[in-house]
Amino acid sequence: MAHEENTPDTPDAAEAARRARFGALPQRITPAEMVEEKPASVVDPARNDYNDDEWLVRMGAF
């Protein structure tokens, strides 16, 4: 008993079915298109200001 596959009758029909499904590759994506650029956040100048009493808060000596 031979195994039968569900394929179109002629090789041309099978090729046409393949090309209809897989006929074109997706367009190429360049590495430059894969990178998203965002501007850096603005640095808060008051964030790193020196505070004379900071050690009191860190040491629990208040």
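These are my notes on what I looked up in this structure.

**Entry 1: the model.** I noted at the start that the model is predicted. I looked up the secondary structure and found 2 helices and 0 strands in the chain. Helix α1 covers residues 11–22, and α2 covers 54–59.

**Entry 2: burial and surface.** I then asked what share of the 62 residues counts as buried. The value is 0%.

**Entry 3: the salt bridge.** I looked for salt bridges and found 1 in the structure. Glu 15 and Arg 19 form a salt bridge, and their closest N and O atoms are 3.6 Å apart. I wrote down that a salt bridge is counted within 4 Å. Where do Glu 15 and Arg 19 sit in relation to each other? Both are in helix α1, and because they are 4 residues apart there, about one helical turn separates them. I also checked their accessibility. Glu 15 is partly exposed, at 36% relative accessibility. Arg 19 has a relative accessible area of 56% and is exposed.

**Entry 4: a nonpolar patch.** Which residues form a nonpolar patch on the surface? I found Ile 29, Met 34 and Val 35, with about 340 Å² of accessible area together. I looked up Met 34 in more detail. Met 34 lies in the loop between α1 and α2. Its relative accessibility is 59%, and the cut-off for exposed is over 50%, so Met 34 counts as exposed.

Technical notes
Residues are numbered from 1 along each chain as its sequence is written. This is a predicted model: local features need pLDDT of at least 70, side-chain atom pairs count only at pLDDT 80 or more; totals for chains, interfaces and linings use all residues. Side-chain values use heavy atoms; hydrogens and water are left out. Buried means under 20% relative accessible area, exposed over 50%, partly exposed in between (1.4 Å probe, protein chains only). A salt bridge is a side-chain nitrogen of Lys or Arg within 4 Å of a carboxyl oxygen of Asp or Glu. Patches are made of residues with over 30% relative accessible area and no salt bridge: like charges are joined within 9 Å, nonpolar side chains (Val, Leu, Ile, Met, Phe, Trp, Tyr) within 5 Å. Accessible areas come from the Shrake-Rupley method with a 1.4 Å probe; for residues, only the protein chains shown count as cover.
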